[in-house]
Amino acid sequence: MNRFLHGLTMPERRKLFLEDPEKAMSALSEDEKAMVRRLDWKAMQDYGASFFCLEKLARTRGVSNPEMVAAFRGETLEEFLKTRRVPGAR
Amino acid sequence: MARIIGGIGTSHVPTIGMAFDKGKREDPDWKPLFQGYERVARWLEEKRPDVLVFCFNDHATTFFFDHYPTFALGVSEQYSIADEGLGPRRIPPLKGHAALSRHIARALIEDEFDLSVFQDLPLDHGLHSPLTLMWPSKPDWPGRVVPLVVNVIQQPLPRPSRCFALGRALGKAIESYPEDLKVAMVGTGGLSHQMIGERAGFNDERWDREFLDLIERDPERLARMSVEDFMRRGGNEGAEVIMWLIMRGALAPAARKIHQNYYLPMTTAMAVALFE
């Protein structure tokens, strides 16, 4: 899983993932593919994905770090931002 | 001989670089951050160091878990900007100082710090997100960098005491370089933040303020703490501030903090401090 995520630092892998995600994920197990399809950050984290590898997937899919942190906390982004001093700084 | 003229401690949050790239200097949500770096940028402009020795970490970008070095020193004449999933930032490649790097590698290994050496690898935001707020990147960087990459993301991490001792050895190594060079140390990371687990979103401003005080006046006390102490007090990922101890170890014990800025807008406390 981490190897797949890390591969998204390569433009050609990113392009393939965005155009044909199933082909790009062919080395992953069915459970792993399902987590990536759902962008289930908490499930991927609990499964053992490195936060820093998850960041590569987040950037590829246009997801911000506050969104990921909110997911780890079991909150929506809006709920999480209410706990921050400067919610616009993202 | 080469001379260490001062040091900088700074956060390296990727959003600092993103805010810079999006031109948010005057955005009220970001202004307190940018303003905090103005004094540092002015100091660099006035003192004109030839080289910044940058202690930072890679974020599973250039290095991967198939081989994560504890301490790795770059020895290239140039380093490209890494692609972290959005394409490389549009800033010039970093200019290295191969001769100084190689001298440092030899001197440290002679001093029994058996670090890894790398070349021709791209560098990620750990180095250049804070750099863009301190050094002009247009038309090109005004000086060179020597990158020291520290593993703070995959257990087992180096001990804080080892980082401090490495800083002392690094200081000696730099100051034994025969050419007249002005060198500034940079230690990056932190301050308090935790990105993962149930405590994701954790910060502790009291601990951050204590850290900013101790790094100036009693770094030995910080060096006596364990990595786990740093994680407990500053968050899992906040423990990366042990890289400031490398910078501090290379400075004179009597070095004084002449500027500090602290801003905690979102998930990571963003700090910058200047030592002379």
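In which helix of chain A does A:Asn65 lie? A:Asn65 belongs to helix α7, residues 65-72 of chain A; helices (H or I, at least four residues) and strands (E, at least two) are DSSP runs, numbered from the N terminus.

Before I continue, a word on conventions. This is a predicted model, in which local features need pLDDT of at least 70 and side-chain atom pairs count only at pLDDT 80 or more, while totals for chains, interfaces and linings use all residues. Residues are numbered from 1 along each chain as its sequence is written, chains are lettered from A and ligands numbered from 1 in the order in which they are written, and side-chain values use heavy atoms, leaving out hydrogens and water.

Let us return to A:Asn65. Its relative accessibility is 13%, so A:Asn65 counts as buried; buried means under 20% relative accessible area, exposed over 50%, and partly exposed in between, with a 1.4 Å probe and protein chains only. Not counting residues up to four places away in sequence, A:Asn65 touches A:Phe51, A:Glu55 and A:Arg59, and also B:Pro14 and B:Met195. Contact here means heavy atoms within 4.5 Å.

That brings us to the interface. Chain B contributes 31 residues to the contact and chain A contributes 30 residues. About 2600 Å² is buried between the two chains, and carbon and sulfur atoms give 60% of that area. Buried area is the accessible area (1.4 Å probe) that two parts lose on being put together, summed over both. On the chain B side, B:Phe64, B:Met195 and B:Met266 lose the most area to chain A, together 24% of what that side buries. B:Met195 is also one of the residues that A:Asn65 touches.

Now to chain B itself. Chain B has nine helices and ten strands. Of its 276 residues, 63% count as buried. Among the contacts in chain B with a separation of 6 or more, 80% come from residues 24 or more positions apart. The C-alpha atoms fill a box of roughly 45 × 45 × 40 Å along the principal axes.

Finally, is B:Thr10 buried or exposed? B:Thr10 is buried, with a relative accessible area of 0%, and has its place in strand β1, residues 3-10 of chain B. Leaving aside neighbours within four places in sequence, the contacts of B:Thr10 include B:Tyr37, B:Pro130, B:Trp244 and B:Val272.
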